[in-house]
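The paragraphs below then go from the whole protein to some of its parts.

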Amino acid sequence: MASTRTLAVLLLGVTAAVACAGTEPPVPPPAGSIWATSDLYTYYFGIIEVWPELPGSAEPVLVDNDHAGIRISYNGGPGDFYVYVGPFSLIGGVLYDPNTAFLYGNASTAFDVGPGGLPAGFEFTGAEPNSTFYNLEQNQVPGMIFLGYEAPGTAPRLVEWNPGDPAKFANFDNAWLQVDLIDMRWAPDWASVDQMVSLNDPNVPADFSLFQYGSPPTPYMSTFWGGIDSDDRLYFSSGGHDHFNWGFTMPGLYEMDIQVSTFVVPQVGDFNCDDRVDFADINPFVDALTNPTQYAQDYPDCPLDVVGDVNESGAFGFDDINPFVDLLLAQP
Ligand SMILES: [Ca+2]
Ligand SMILES: [Ca+2]
């Protein structure tokens, strides 16, 4: 009994951890679609402080005083993530891998918060009275980075859906990309970068917020409010480009982990319906062929008539084996 109980507790713990990660679909899936989630990507911010090196580069690019974007195009599978720097057209710019460039808030992003604190409506920033608040402005300000999100291109398998969240202007059908803040870590400077701490910890003095101006302003992410959870979420239009305020309460080095999810039409050969065709599909494929009951139990939302019919004969069967093997071997 004791071991069963322990296992149940462990499983509950796993379920809770997944729920905290915030990538669960918010509504029942549109018919025939699956919930697809990208890999986890980390973006690097330097507020006054500078990253002398990054995991992907011994000489990282400092992105300052530019029109820049966090690129999150979702073309299936792990995603298409970059730091974009360049003109508004979204073409003709330069793309950097997220771990080779850092987004820099220079001294002009510093704002003196007076004794009365920020105006009403900005409490989600966590900015204290008589402190300095660092804001990468939503509107273009000469001498300061001008940072947005962008997702050029539209993946043909995207499905329109409605997040049902009017507070975040996402209560209508659209090819939404759900951007979740999974974690954000901070160190005051390079000397302490090995001991980065999560902004989910209320004892950590640094906070981050993503918001847009308005009456009142709209917070999309706030580590000050409730730590990091499923409220720290932005719904972004696939194909879109928009700018935001990126607020920080402390100078230092920040790592931002994000993940993008959406509903897509499943693809042929994706037997476990994780939006990737790879070796992880072999065992589900074998189950589908030899033990369809088990397969239906394991993947209740995975339409076998769609993912399984590799040779386009109209049904799934033994004649899909060789085409599936060819498909697997053809993957990059
Ligand atoms: Ca939060
Ligand atoms: Ca798969």
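Predicted model: local features only at pLDDT ≥ 70, side-chain atom pairs only at ≥ 80, totals over all residues.

The secondary structure of the protein consists of 5 helices and 18 strands. Its radius of gyration is 22 Å, which is close to the 20 Å that the globule rule gives for 332 residues, and therefore the protein is as compact as a globular protein of that length. If a box is drawn along the principal axes, the C-alpha atoms fill roughly 70 × 60 × 40 Å.

How many of the residues lie inside, in the sense of being surrounded by others? Of the 332 residues, 38% count as buried, where a residue is called buried if 20 or more other C-beta atoms lie within 10 Å of its own.

The domain assignment divides the protein into domain 1, covering residues 21-264, and domain 2, covering residues 279-329. The C-alpha centres of domain 1 and domain 2 lie 38 Å apart.

Turning now to the strands, we can look at one sheet in detail. Here 5 strands form an open sheet, with the order β6-β5-β4-β10-β16 and with mixed pairing. At its edges are β6 (94-96) and β16 (241-243), each of which pairs on one side only. On average, neighbouring strands of this sheet are turned by 30° against each other, when direction is ignored. Within the sheet, strand β4 (residues 67-73) and strand β10 (residues 146-150) run parallel and are joined by 5 bridges; to see one such pairing, find Arg 71, whose bridge partner in β10 is Glu 150.

Strand β13 (residues 208-212) runs antiparallel to β14, and 4 bridges join the two. Together β13 and β14 form a hairpin, with 5 residues between them. In this pairing Phe 211 stands opposite Pro 219, which belongs to β14. Is strand β14 mostly covered or mostly open? Strand β14 (residues 218-222) is mostly covered, since 4 of its 5 residues are buried.

Methods. Residues numbered from 1 in each chain as written. Chains lettered and ligands numbered in written order. Buried ≥ 20, exposed ≤ 12 C-beta atoms within 10 Å, placed from the backbone. Pairing = 2+ DSSP bridges. Axes fitted to C-alpha atoms, helices over the stretch in contact; angles between N-to-C directions. Rg over C-alpha atoms; globule rule 2.2 N^0.38 Å. Domains from an automatic or database assignment.
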